[in-house]
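Visitor: I would like to learn how to read the helices and the backbone of a model such as this one. Could we go through it feature by feature?

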Amino acid sequence: MKLTVWTYEGPPHVGAMRVATGMKGLHYVLHAPQGDTYADLLFTMIERRNHRPPVSYTTFQDRDLGADTAYLFKDACNDAYERFKPEAIIVGASCTAELIQDDPGGLAETLGLPCPVIPLELPSYSRKENFGADETFFQIVRHLARPMDRTAHVTCNLIGPTGLGFRHRDDVIELTGLLEELGVTVNVCAPMGATPTDITTLGQAHFNVLMYPETGEMAARFMEREFGQPFTKTVPIGVGATRDFIEEVRAITGQHGDIDESRLRMPWWSASVDSTYLTGKRVFIFGDATHVKTSARIARDEMGFEVVGLGCYNREFARDIRALGKEYGVEALITDDYLDVEKRIEELAPEMILGTQMERHIGKRLGIPCAVISAPVHVQDFPARYSPQMGFEGANVIFDTWIHPLVMGLEEHLLAMFREDFEFHDDNGASHHGGKIDLRDVAPTAPIQSEAPAVPQVQTDGTIVWVPAAEKELKKIPFFVRGKAKRNTEKYAAELGVTEITVDTLYEAKAHYAR
């Protein structure tokens, strides 16, 4: 654990909150100081939920630390049951409360509450949010689920969606419809939407669909081992992955229902004339491992992009992402420090970023368009409209999401190029109000005169200076490659010992690196 301005994942108890918030009839009693109640805002403000998470805090204060704080936790447990009457309770400590070692699980066992009480051991100083969600759901399944006879018709469980998940709500809807076309009914979706009673019936499904390995893989492996339920290994994000997922389900179930692809527009749109200018765009991908793996395949195989870098922040999947990096011929970046990510982006100078809310901020600073593909995300990435990432409709959504930043970026570049034009200058009204256009008296533009060859200047600090004419010419270069052009020109000038960059130097550098 370290102090940082931005973080990709919260502490493990936030992951436990995501599971509790996604479920119904479950309550989380969290031994925590007053300041740790900030986590409520993640769900009410960012996810825009219309109710608070089902969490009770002991909210001890500094004056309580000199006395026994165990009674605060016991009172909170009793009060939570009396007030909410949950079917089950999970108990744990926040990262701060972990230091006082009150053992919430042991304390809860002594209370004799008339519902299952599930203790959580979440190491706050060595693991993070996704692990907390994965471990919490695993413990719930381990304590409540039991082997059962299979249903008469083919059913499955959807495993992994939680509260505060990136498009989890809509992915569940999309995947449920896709499975129905294959003749498979969803038995239970968990954690999202499930009650503790529903968890007890997980064992009657024929197999499990692992939607998000970060938050459901431990439970899926447990059910495979204890209940004999296989689980899917393909995450159906993208056209190719969705088709592979369909074949995997058919192989598990023997069901061969026809799939309607008539609403799938992404393949043709990405290959159409309107989109050919995207081919070969250099992209950098960063986020959670699942979305990075699926996005890399979409970027290279379905959109025609060139993947110049990738990485993930969840170290549990470091081996998978390093192997993926080798497959794509790049060095994978495994880090939870956004400054490392920013440095790698600056070095690679991609034309587009596929990342998290963090990378969106980095892209704004560097002038590189960014599409969000993974948590952590901000409020705009919880849209009111139906906007899945999985399945065929998810592929359509991904196409629109990725293309939009590039298209808008090109429009901004064109507006910047013509800002001083006699028709489009800032003093004019809207272009469709012809009567309001005030044509400036503009002298004929003289061609750019070739400047005298730059003479190396001796400066004690070695600073490279751009002359005004060269800076103006640099701004005509599209924003998404301008940074790279600037760096290449300065590198070229430094190699020649030139400290003043002219228009000629700019074009000489361009010719040099084009060879």
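Visitor: How near do the axes of H11 and helix H12 (residues 318-328) come, and at what angle do they cross?

Guide: Two packed helices are described by the angle between their axes and the distance between the axes. Axes here are lines fitted to C-alpha atoms, for helices over the stretch in contact, and angles run from 0 to 180 degrees between N-to-C directions; helices themselves (H or I, at least four residues) and strands (E, at least two) are DSSP runs, numbered from the N terminus. The axes of H11 and H12 come within 10 Å and cross at roughly 15°. That makes H11 roughly parallel to H12, given that angles under 35 degrees count as roughly parallel, over 145 as roughly antiparallel, 65 to 115 as roughly perpendicular and the rest as oblique. Before we go on, note that this is a predicted model, in which local features need pLDDT of at least 70 and side-chain atom pairs count only at pLDDT 80 or more, while totals for chains, interfaces and linings use all residues. Residues are numbered from 1 along each chain as its sequence is written, and side-chain values use heavy atoms, with hydrogens and water left out.

Visitor: Which hand does the crossing of H11 and H12 have, and which residues meet there?

Guide: A crossing is left-handed if the near helix is turned anticlockwise from the far one by less than a right angle, and right-handed if clockwise. H11 passes H12 in a left-handed crossing. Where contact means heavy atoms within 4.5 Å, Ala289, Val292, Lys293, Ala296, Arg297 and Arg300 of H11 meet Asp320, Ile321, Leu324, Glu327 and Tyr328 of H12.

Visitor: How many residues of H11 are buried?

Guide: Buried means under 20% relative accessible area, exposed over 50%, and partly exposed in between (1.4 Å probe, protein chains only). In H11, 10 of the 14 residues are buried, so this helix is largely enclosed by the rest of the structure; among them are His291, Val292, Ile298 and Glu302. For the protein chain, buried residues make up 53% of the 515 residues.

Visitor: At what angle do helix H1 (residues 12-22) and helix H5 (residues 129-144) cross?

Guide: Their axes come within 6 Å and cross at roughly 50°, and H1 and H5 are therefore oblique to each other. The contact includes Pro12, Gly15 and Val19 on the H1 side, and Gly132, Ala133 and Ile140 on the H5 side. H1 passes H5 in a right-handed crossing.

Visitor: Which residues of H3 are buried, and which are exposed on the other side?

Guide: H3 has 15 residues and reaches 21 Å from its first C-alpha to its last, close to the 21 Å expected. Ala70, Leu72, Phe73, Ala76, Cys77, Ala80 and Tyr81 are buried in H3. Seen down the axis of H3, these buried residues fall within an arc of 165°, taken from the directions from the helix axis to the C-beta atoms, so they line one face of the helix. Asp79, Glu82 and Arg83 are exposed on the other side of H3, whereas the cover over its buried residues includes strand S1 (26-31), S2, S3 and helix H4 (104-109).

Visitor: Where does Pro191 lie, and is its peptide bond from Ala190 cis or trans?

Guide: Pro191 lies in the loop between strand S6 (185-190) and helix H7 (196-199), and the peptide bond from Ala190 to Pro191 is cis, with omega near 5°. The peptide bond from Ala375 to Pro376 is cis as well, with omega near 5°; Pro376 lies in the loop between strand S12 (370-372) and helix H15 (391-417).

Terms used. The expected span of a helix is 1.5 Å times one less than its number of residues.
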